[in-house]
Structures are given as C-alpha cells and as structure tokens.
Amino acid sequence: MEIKKNTTMSKRPSWDEYFMKLAWLIAERSTCQRHHVGAVIVKDKKVLTTGYNGAASGTKDCLSLGCLRNAMSIPSGQKHEICRAIHAEQNAIIQGGYHGINIKKGSTIYCTHSPCVLCAKMIVNTEIKKVIADIEYPDAAFKELFSETGVEFSTLHLNSTSIIQLL
C-alpha cells in the first residue's frame, strides 16, 4: 500500500472510511483468483474480527491449484459450493466463534463487496445490524433478506485506498 503525504488536506478519515480501508487491506491476503474480498466486524469503533476469502485452513488454495469456477466457466454469484474459498464475511464470523468474541447485537460489518445471499443469511443469524460495502456484487438477493430482517445496508465508495500521512 502506498503512503502519500497529504499536503492539501489535514482531515483524518471518518470511522467508516477507516474501517473500509482496513477491509481493503485485509483483502490483500485473499487467495481467490477472481475477487479479493475483505471484511471487518466492528462494534463501538473497535475491530472485533476480520476475514478474507480463501481456502479452508490447511488446504490448498486457488493460487496453487487454479480456480475451479474459472475452469468450469461459472459466472459470479452462481454455484458457490463449487468454490474452494470461504467468503470473507464467513471467515470474519467464524473467527468470532473460534476466538470466543461476541460479534452480535449491534455490530457492523465492513466489506469490500456486498454479500452473497449465503453470507447474508449468516449475517442475519449473527444479529449484525449494519453492512457497509464498497462494491455491489452482481447478486442482489441479499437486499430482500436484509429488508425483511431489519439489517441496514449501505455503500461507501472510497476514492482511494492509499494511506494518507497527515501534516
């Protein structure tokens, strides 16, 4: 990530911008050949867990084996079960359980991409109340589920993911 000295602006990023930049930084660990996705679960301005999309721990990933979905010409948003990767949102939720971190009741998840419907179901069941995404994924099925269950969804498009050094 590039660090730029900010000579025109001496404003810190908002909390939402800060957490979205973290999601993009986390996405750099992705082992998916199609999409680098990152997620950060936050409550009371504190990072609870993070996740990126990649193969299950201890298994070979798409960087070493190639992408099954590309090889089979499967479009984005379809046949998720074919993919080796666990989604970023799923990994962030799993990390909460693995480390005994309570991620429910009013937390927010910041994601580089909006969730698929499977991740949306997990978000609903963990009682995460707000989802903020930078890029809207082609599958909008999650929106109806969120509307029905009261999960807030919004987008925050960053102009840059560069780190800015304040004066």
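User: What makes two strands a pair here?

Analyst: Two strands pair if DSSP finds at least two bridges between them. Strands are DSSP runs of E, at least two residues, and helices are runs of H or I, at least four residues, both numbered from the N terminus. The model is predicted: local features need pLDDT of at least 70, side-chain atom pairs count only at pLDDT 80 or more, and totals for chains, interfaces and linings use all residues. Residues are numbered from 1 along each chain as its sequence is written, and side-chain values use heavy atoms, without hydrogens and water.

User: Which strands form the open sheet, and in what order?

Analyst: Five strands, in the order S3-S2-S6-S7-S8, with mixed pairing.

User: What joins S6 to S7?

Analyst: Five bridges, with S6 and S7 (residues 130-135) running parallel. Cysteine 111 has alanine 133 as its bridge partner in S7. From S6 the chain passes through helix H5 (residues 117-125) to S7, a right-handed β-α-β crossover. Right-handed means clockwise from first strand over helix to second, with the strands pointing away from the viewer.

User: Why is S6 called largely enclosed?

Analyst: Buried means under 20% relative accessible area, exposed over 50%, partly exposed in between (1.4 Å probe, protein chains only). Six of the six residues of S6 (residues 108-113) are buried, so the rest of the structure largely encloses this strand.
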